[in-house]
Each structure stands twice: as C-alpha cells, then as structure tokens.
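Visitor: I would like to learn how to read a model like this one, feature by feature. Could we look at it together?

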Amino acid sequence: MRKEVPLLITFVVALIVMLSQVTTGNIPGLGVAMPDLFERYISPWMTVVSAFSLCLASVNLIVVHSRNISRKQSEWIYSLILLGTLVIYGAWCTYIQINPDNTAAASNYSLIYNYILSPLMTGQWACLAFYVASASYRAFRARNLEATVLLASAILVMLGATPVGGVIWSKFPVIQRWLIDIPNMTGQRALLIGAAVGSFVACLRTMLGIERGHLGIGGS
Amino acid sequence: MTIAPGNVFGFWMLIAISALVIYTIRASERGKFKVTIRPIAGLEAIEECVGRATEMGRPVHFSPGLGDIVTTSAPDTLAALQILSYVTDVAAKYDARFLVTIRMPNVYPLATETVRQGYIAANKADSYRDNMVRYVSSDQDAYAAGVIGLFHQEQVASSILAGLYMGEALLLAESAARLGIMQVAITASVMQVPFFVAACDYTVIGEELYAAGAYLTNDKGRLGGIAGQDYIKLIVIGIILIGTLMTSAGSNAIQSLLTM
Amino acid sequence: MQISTNIWQWISVICIFGMWSLPLYKDNPFYRVCQNVFVGSCAGHAIGIAIGNIVNYGFEPLFTQSKIDLLIPVILGLMLYTRFFPGVAWLSRWPVAFLVGVGVGQTIYASLRSQVINQSIAAMTKFPQPTVGATINGLVSLIGLLSILTYFLFTVPQSGVVRGMSELGRWMMMVTFGVGFGNVVSGRLSVLLGELLKIFGDWLGMI
Amino acid sequence: MSLMERLQNVDSRIIYVLLLIALSLPLLRPIGIPLQTDPMVRAVYDIIEGLDPEKDRVLLSMDYSPGAGLDAEVSPVAVVEHLAERGIKWVAISFGTTDGPMMTNRIIADLEARGYEYGKDFANLGYMAGEENAVRLFALDCLSVPTDVRGNRTDQLPVMQGIKTIKDFAFVMQFSMGTPEMWIRQVVDPMGIKFATGTVTVSVPSIVPYFNSGQVKGVMGGVSSAAQYELLCNKPGRGAALMDAQSMGHLLIILFIVLGNIGYFMVKDKKDNLAAGQ
C-alpha cells in the first residue's frame, strides 16, 4: 500500500494525460473524452495541489528565517527584512486575490509591485549584461581549436547583429544569417532530438515505476 | 475513442520504442548484455567538488534547476534529482556541509525526500538537517538573487547546477565564478550551455543530463535504459537517411507515413 | 535636464542601483537589503497567488458550484503536510506521485511527436537542391545533424567512423553554442539599455 | 606584474563601468550608424504596406510582460505606429500572459492622446485564459470573448463588425517573449492564415526554421528589428538611438574578448619559453 499506491497514481495520471494528447472521441462506456478528462479534472486539480505545495515550500522558507532571527544568528537582520516584506506582500496580495472588487487595494498593490518588486527584478536582469561582458573577457579564451570555433562564431554573429558590423564589412550580416540559418539550426535540431529521446526514456522509467527514488521509495 | 489524425504513427512508435526500452532495461538487469558508457568528464568532477568543499570546511551547493515536475521540464528535473541522490551520498560520505536550493515549490517535497533518504541510506541520519533543502522563491529572478545571497552568506565552496536553466544561468554561474566557487553544470538547455562553458569548471551538455543518473550509479537497469536510448537514436538516424533518399527520389511516402 | 519629482520614480531607481551595487561595487548592506526585500516580496506575492488559487479554483467552485471532485486535490494538497507527522508521513507521497504523473504524461508523447518526429521530417532535404549553394547547405545540415546524434551515442565504442563523426559533432555544437552566445549578447544589452532609459529618461529627464 | 599579466587580470568592475559608459554615451548623443534591413523584418513591413485600410483588419496577439523589458516592447510599438499611420484598424487580445492587456493599454493610451478613437480604430479584448485551447477557441469564434477590457460588448464594437472567425482578419501578428508554436499548431497550420511574429532577440534563431518553411511570414526580434522597422517607415524613434548603443556595447564586448585572449597568449608564450629554456 505504501509503495504501490503512489506508483499506481503516477501511472494512471500519466496515462490519462498522455492519451489526452493522442486520442479523440468518448471513452467507451464513460461518455467523456480523454482531452475533457484532462481539462475538466486533472488540470484544475493540478493547479490546486501546486498551490498547496507552494505553501508547503513557503513554510520551509519562513521556518529557516525565523530560526535565524530567534537564535540571533549572524545577519539575522536580513532574515527579518525578508520575512517582513514576505508578510506585507503575502497579506496584501492574498487580500486582493480573495476580494477582487476592492479596486483601491489593487491599485495600491500595483504601486508596490510596479515600483519596488518590478525594478528589483529588471535591475537584477540587467546585471546579466554586466556578467556577459565579464564572462567574455575572463573566460572566452581560445584555449584549443574547439573553443576557438565557439569564439569565432560568437564574434561573427555579434558583428553581424549590429549596424556597426555592416559598416565595417558588408558581408558580416550575410555571414551572421548563414551561421544562424544553417549550422545553428542544425545544431539546435540535433540537440532537440537527442534531448527528446533522453527525456522520453526518463519519463517511461518514471511512469512504469522503475525510477522511484524521488518518492523516497528505495530500490528499483 | 480513436487516435486523433496526425498521431497514428507517433502513437505506435511510442508503443514500439517503449517495448524496446523495457526490453533493454530487463536484459541489462539480468546481465544478458553488458553496457559500458563512454567517460563523461564533468560527472567525474562532482566528487572533487564535494571533496574540495569538505577540505575547506565550507558548504557544497546543489540546485535541481529552474524546471517544474508538472510541465514538460519534468524529465530534466527528475534527472537532476537522480544526480542529487548521488551528490547526497557523496556529501554524507565526506560529512560535507550540504545546501540544496529550490525554485519550484513542487520540487521541494521531492528534493527533501531524496536528501533525507540519502542520509538514511548512508547511515548518517543524524547528520541530516531540515534546513539542508531550502525553498528560495518561485520567481526565477528572485531565486537567482536568493542563491547569490547564500553564496556570499554561507561562503559556499563548490556548486553543482543540474537540470533546466533559463536566462538566470549566467547570473548564478558568473557570480559564483567571481567568488572562486568551483562549479559543475549539467544541463540540456541549449541556450544556456555557452554561458556555463564560460563560467563553470565543467559543463555536461544536452542528453548527457539524462544519462547522468545511470553513469553515476552504474545501476544495471538504468544503463539498460541508456542502451535503449542509443537504439532509438539509431532508428531516428535510419528514418532520416531513408527519408532523405526517398525525398531526393521524388517520393513523400516517409513524410506521409510519419504524419499519419 | 529635469529630475523627476515623483517619489515612486526615485524608489524604483534606488532599487535598480541596489541590485547593481553588487557587480559595480561589492557585497554590501545596501545590496543585501534590496536582495532580501526582493526575495521576500516575490515569495509573498507567490503565497498570495497560491492562496488565491486555492480559494478561487478549489473552495469557491467546491462550495458554491458543488463541484465535489475538487475535494480530491484539496485532500491531496493537505496530504503534503503529513510529512510533519512521522506516523503518516508516507501519505505525502500520494500528491507527489500525482504531480509527477502530470509532468511525465505531458512530456512522454509530446517530446516524441513535436521534437523527434517533426524535427526528423524537417531534416529530410531533397538532393540536389536547385543551386550549388543550397545543396552544400543541405549537406552541411544533414551531416551535422547525424554527427551530433552520433556524439550522443553513449554505449557505442568511440572508434573508426563513429569517432570521426562524433568529433565533427562536437565542432558543430561549438558553432551552435557560439551563435547562441553572440545572439544572446544583444538581448542582454537591450535589457540594460532599457534600465538606462529609465534612469536617463524617466528619472533624470535627460532624454 | 607585466602589462600583459595586468591585461589578463583587469578587475570586473572596470569592465562594468566601461560597459555603462559605452551604452550611455550613444543614448545621450546618438551617432546615427546606418542600418541594414533584414529580409524577415522587411517581410512584415511589406505585408502591412499591402493591406487595404478600407476593409482589412489586423489581429495582434499581445503575449509579453513587462519583465522582458524593452526588447519585447519596441516591436509592437513600431508595428502599431505603422498601422496607425496607414489608417488600418486593429484588435488586440492576449493569451500567453495576464500582463498582455496592460501592455496593450500602454500603447493605446499614446494613440488616444493623439486623437485616434478607441473602438473604431482599435480595441483591446483583454486576456483569455486557457493558453492553446483558448487560441483555438478564439480562432473558430472571435465573438467568444463577450466584452472588451472597457466592458463594451465585443459584437457592438465598430472595429469588430463583420468578424466571425480568425479568417476575417487579413493579417495576424503575435508579439511574445518566446516562439510562436502555439499559433502555428492551433491556427496557422490548420486554418492557413497570414501570420507573422515579433519576439525578443534571443528567440530569433529558434523561429528561423518556421520562417524558412513559410509557416511564419515575417519575424521581428527585439530592438534591432524595431529600429530597422522604424527606418523602413521613415520614422526613426527610440529604436534607432538604442541601436547605436547596441553597436557600441557589442564592439566593447568583442574588444574584451580580444584583450582577454591577447593577454592569455602573451602570458602563455612567456611560460612556454621559460619551460623550454629550463
């Protein structure tokens, strides 16, 4: 019971979801089609269960940081800041979700969302531009022939992608196009096929219960 | 109930290759044939990663990626969890300080279970702490910010990034590189590979992610699965070659068959 | 130049500088505050959305439209928390098994159909192509594709033709990764440019 | 430490500051580097030039959120500007993200301020939940959205008169942060409509196969496409100034790669010579 039921749940749910992508028409005797079964039951159920698991994970976050604060561990003040903002945003956002009619609360929330959370997010994103620059400088070394090929195609694409490349040599955009259209497309396609085969086998093993470590059930 | 048009070939191919894979798994388990995998350098480096952290008395960080288990990123995440299971073993063996960060809440219960069982299996149940696995944030940017914060705060010595990654890959990897953290990245996310190559000490790419579990554990069943994977690829290569020949000869029969 | 007098504009620029202070300066308290506010606010926001989902997609239809079937996910969701009670902790595997089932089911056929079959069809080129250039391109694509697939053959001994092909495969991948890198650079720069527009335009009023 | 060793060990912060300067200067003082147009961008322009303002209407699927920043936002702004210029009526709807309607409203606010009329020249049908299924549903019955974001009945909107299915739109364009598989699978392949897409720079290589196969008739990707588009329309806006900055940024990054490598090889040579001399 402890082992079999979870494996059975995975198998049955996976089978329904998979068949919902493949079949049409009603299931004999049930008067409902697989795609409907997925849309009406599995999918909304998943939304609800996922929401519960987000709350579970948040419990972990809250416990870890509360512990930092209560034990006055080093840098506990930051844990306090984290928990403080979590409570403010959490309570406010929950209120709006449950009371969608209160437009004043919603518009105030969108202020703290748009002018605090959102710039923090885009500010962090923009750091990627910095890191691209430092990684280029520090790590993109022509250590061997393979690395040189990587570097050369990267530089050619960069030159072709901006107007200044076309000014330096009119053929740069042509080369860039070719690199994107032919070798890049080929590589992407091959990696896509390979990854799909790998993920297919991984899924099959999980669906059949051969792989079960993630459930905390030992031994295959 | 009938198979929807356009899926007939796909459905029967699914059945056929499933049977093939099940056969290779069983055959390998029974020792009917021996499967050896070519060396994958990046995976060998994981033990070095943990060992180094232990020597320095600082934590090892592991991330199972940004993917979820309820979407098409499920196989990437499950593969990452197999790697997590191996890393847990090594960490328990070395008594290393271990830190796992989680982005997707759905992955959290799976990861805690994997780590807890790993410590129990290694007879180190006492060393297991419930703050080893930490949920950070479901937002990918906030997740990256939180992990970078942990790198600084906990003085992480080495970091293993496995699974699906998005644009945040470079934020994590380059911040770690600036702190001198030893890194191994294992991902099938094509767009992120160049950045991992630039910032990490070892990068394991593409399909190797799904082979990692078998490679690290040397489990016969898993190795059989890898052999099955190779057969499928040989079949695909065959289909593409035949299709190209027939197309060149002016026939679209293969295309029609595949889209049946 | 006309500096903005909108307090929110100032706050948002402070937030941006806070996040930038890590790369531009070093780890510092200002960054730490911003970082923790960021993680906390995102986590809080997610909790709000999650509770909203539980109420709006779970309890609301369950009680007002009496959709009894929604009891199942609510119970499964609550079972996640049995992990805190050692005696019944094993029950927490059920919801996990459900979630994994959804993910595996979504992927197993879809990856085969859209990635393996459709991409194989797309790879079938007609030879010879109308022009010499197109024929060469077609050959590069075909041989490149097969060589990368060969590189990922794990159990076949790497010798002879296989070795040659997989070497070629590595080269093709390096070009792909190079293109990927070059291409992403412009995308990343645009994001930084967007922030600079905010700073010089909306805040300082210089543009 | 020799110059070469120093060249190999420049502090990251110096690199970051140089990058900030290289991007800021052209923003404040545009240089005006000439642009070349990409055939994929030109294709979008040609389609819209070919539309008849009297009877043709356009559907825009707005599937991007503010998180993607400028890179996602500039393309729709440039295309809508072109539509408005030519007096072609358009309707926006969102499937991919709940932020979509808000992004549309930003564009509409600007047009309304210039005297264009909501409901007659354009409309915003808001967000339709259900992802791919919603796309299919809307394509088969465009009136399945009962009201627009302002609460008007969809079938009463002047701009929606005579529109029943997606085939009544002369042209459909999706603006997203990724690839347009959703539309291709559900609408383009089964119903055969004229479809183009605008996305972020990073996603362009993944869309090229669809452009080559003709499923997507035109592609715009990020700031550079938008700048080219503005140029085609003879209306250089933000995009063109941003492209100068982009160019400088790229050149600087290439310079960093080159410098890093020069330092690397010089130091390596020196070490090799030392090893050989011992």
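Guide: Gladly, and let us start with one residue. Leaving aside neighbours within four places in sequence, C:A43 is in contact with A:S58, A:L61, A:L86 and B:S137. Two residues are in contact if their C-beta atoms, placed from the backbone, lie within 7 Å. This is a predicted model: local features need pLDDT of at least 70, side-chain atom pairs count only at pLDDT 80 or more, and totals for chains, interfaces and linings use all residues. Residues are numbered from 1 along each chain as its sequence is written, while chains are lettered from A and ligands numbered from 1 in the order in which they are written.

Visitor: Is C:A43 buried or exposed?

Guide: A residue is buried if 20 or more other C-beta atoms lie within 10 Å of its own, exposed if 12 or fewer, and partly exposed in between, with C-beta atoms placed from the backbone. C:A43 counts as buried because it has 30 C-beta neighbours inside 10 Å.

Visitor: In which helix does C:A43 lie?

Guide: Helices (H or I, at least four residues) and strands (E, at least two) are DSSP runs, numbered from the N terminus. C:A43 belongs to helix 2 (residues 29-64) of chain C.

Visitor: How many residues does each chain bring to the contact between chain A and chain C?

Guide: As a general idea, interface size is often given as the accessible area lost when the parts come together. Here we count residues instead: 97 residues from chain A and 97 residues from chain C. On the chain A side, helix 7 (172-207) is among the elements giving two or more residues, and helix 7 of chain A gives the most, with 22 residues. By class, the side of chain A that touches chain C has 70 nonpolar, 24 polar and 3 charged residues. Ala, Val, Leu, Ile, Met, Phe, Trp, Tyr, Cys and Pro count as nonpolar, Asp, Glu, Lys and Arg as charged, and the others, Gly among them, as polar.

Visitor: And which helix of chain C gives the most to the side that touches chain B?

Guide: That contact takes 46 residues from chain C and 51 residues from chain B. Helix 4 of chain C gives the most to its side, with 18 residues. The chain C side divides into 30 nonpolar, 12 polar and 4 charged residues.

Visitor: What should I look for in chain B itself?

Guide: Its secondary structure comes to 10 helices and 7 strands. Of the 260 residues in chain B, 62% are buried. The C-alpha atoms of chain B fill a box of roughly 65 × 40 × 40 Å, taken along the principal axes.

Visitor: In what order do the strands of the chain D sheet come?

Guide: Strands of a sheet pair through backbone hydrogen bonds, either parallel or antiparallel. Two strands pair if DSSP finds at least two bridges between them. In chain D, 6 strands form an open sheet in the order 3-2-1-4-5-6, with parallel pairing. Strand 3 (122-127) and strand 6 (219-221) of chain D are the edge strands, each pairing on one side only. Strand 1 (residues 57-63) and strand 2 (residues 89-94) of chain D run parallel and are joined by 5 bridges. Within that pair, D:L59 stands opposite D:V91 in strand 2 of chain D.
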